[in-house]
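Hi,

Here is the structure I said I would pass on. Have a look at it, and then read my notes below.

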Amino acid sequence: MLRHTLLHIAAMGAAGYAAFILLYAFACVAFMPVSVLTLGAGALFGLGPGFALVWVGATIGACVSFLLGRHWMRAWVEKRLARHPLFAAIDAAVSVQGWRVVVLTRLTPLFPFALQNYAYGLTRVKFGEYALASFLGMAPGTLLFVYVGALTGDAVKAGATGRVRPPAEWAFYGVGLLATVVVVTLIGRTAKRALDAHVKPPA
């Protein structure tokens with residue numbers, strides 16, 4: 001079902017870009033797994049456009065969830081967060097460090113992405129700071145998954161057309177993917193160390 005939806009969106013041209021962004025934002029708000037959409041964006045739209053679409057869609061979804069958590073679904077979010085005692089420490093860190101902690105948690109997965117979006121609505125971070133921090137912090141991970149999707153899509157298209165890519169071209173793509181993985185991993189580890197310095201886990 002999702003595959004057919006993505007193919008239909010890709011065939012819509014420029015209008016498909018807006019449709020994909022709305023679909024991705026809705027998936028974030030509705031706690032749907034977005035990894036398939038992220039990979040699909042790379043496969044269908046290519047690395048550059050796919051990255052931009054996912055980045056914008058994820059940011060919009062994160063912002064909508066934040067506002068829902070802050071203004072309309074506070075009691076429900078508080079109940080869900082009771083299962084994640086680490087968030088109390090993150091909340092305390094946000095009250096001191098603000099948007100910096102938001103960026104760090106986007107770079108290293110401490111608890112589910114969708115729940116993070118709602119959870120930050122309960123903190124003292126300002127909406128504008130949260131939106132910008134989320135936009136920046138989600139970029140590395142988004143790039144990696146879209147890159148993988150783009151490589152997969154290129155391989156499928158090459159197989160369908162019978163085109164054989166030369167070894168040098170595959171080596172170029174492989175080096176690019178490896179470099180992206182290394183950079184994202186290093187960023188994640190650095191963010192984790194920085195976050196540990198700000199967040200004191202509950203005893």
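The lining of the second largest pocket splits into seven nonpolar, four polar and two charged residues (Ala, Val, Leu, Ile, Met, Phe, Trp, Tyr, Cys and Pro count as nonpolar, Asp, Glu, Lys and Arg as charged, and the others, Gly among them, as polar). Keep in mind that this is a predicted model, where local features need pLDDT of at least 70, side-chain atom pairs count only at pLDDT 80 or more, and totals for chains, interfaces and linings use all residues. Residues are numbered from 1 along each chain as its sequence is written, and side-chain values use heavy atoms, with hydrogens and water left out.

A pocket here is an open set of points on a 1 Å grid over the protein atoms alone, where a 1.4 Å probe fits, with protein on both sides within 12 Å along at least five of seven lines; lining residues have an atom within 4 Å of a point.

Back to that second largest pocket: 13 residues line it, and Arg3, Leu7, Gly40, Ala43 and Leu44 lie nearest its centre.

The largest pocket holds about 600 Å³ of space, a volume being the space filled by probe spheres set on the points, which are joined across faces, edges and corners. Its lining has 25 residues, with Arg106, Phe113, Gly141, Thr142 and Phe145 nearest the centre. By class, 15 of the lining residues are nonpolar, nine polar and one charged.

Now find Phe145 again: it is partly exposed, with a relative accessible area of 42% (partly exposed lies between buried, under 20%, and exposed, over 50%, with a 1.4 Å probe and protein chains only).

Cheers
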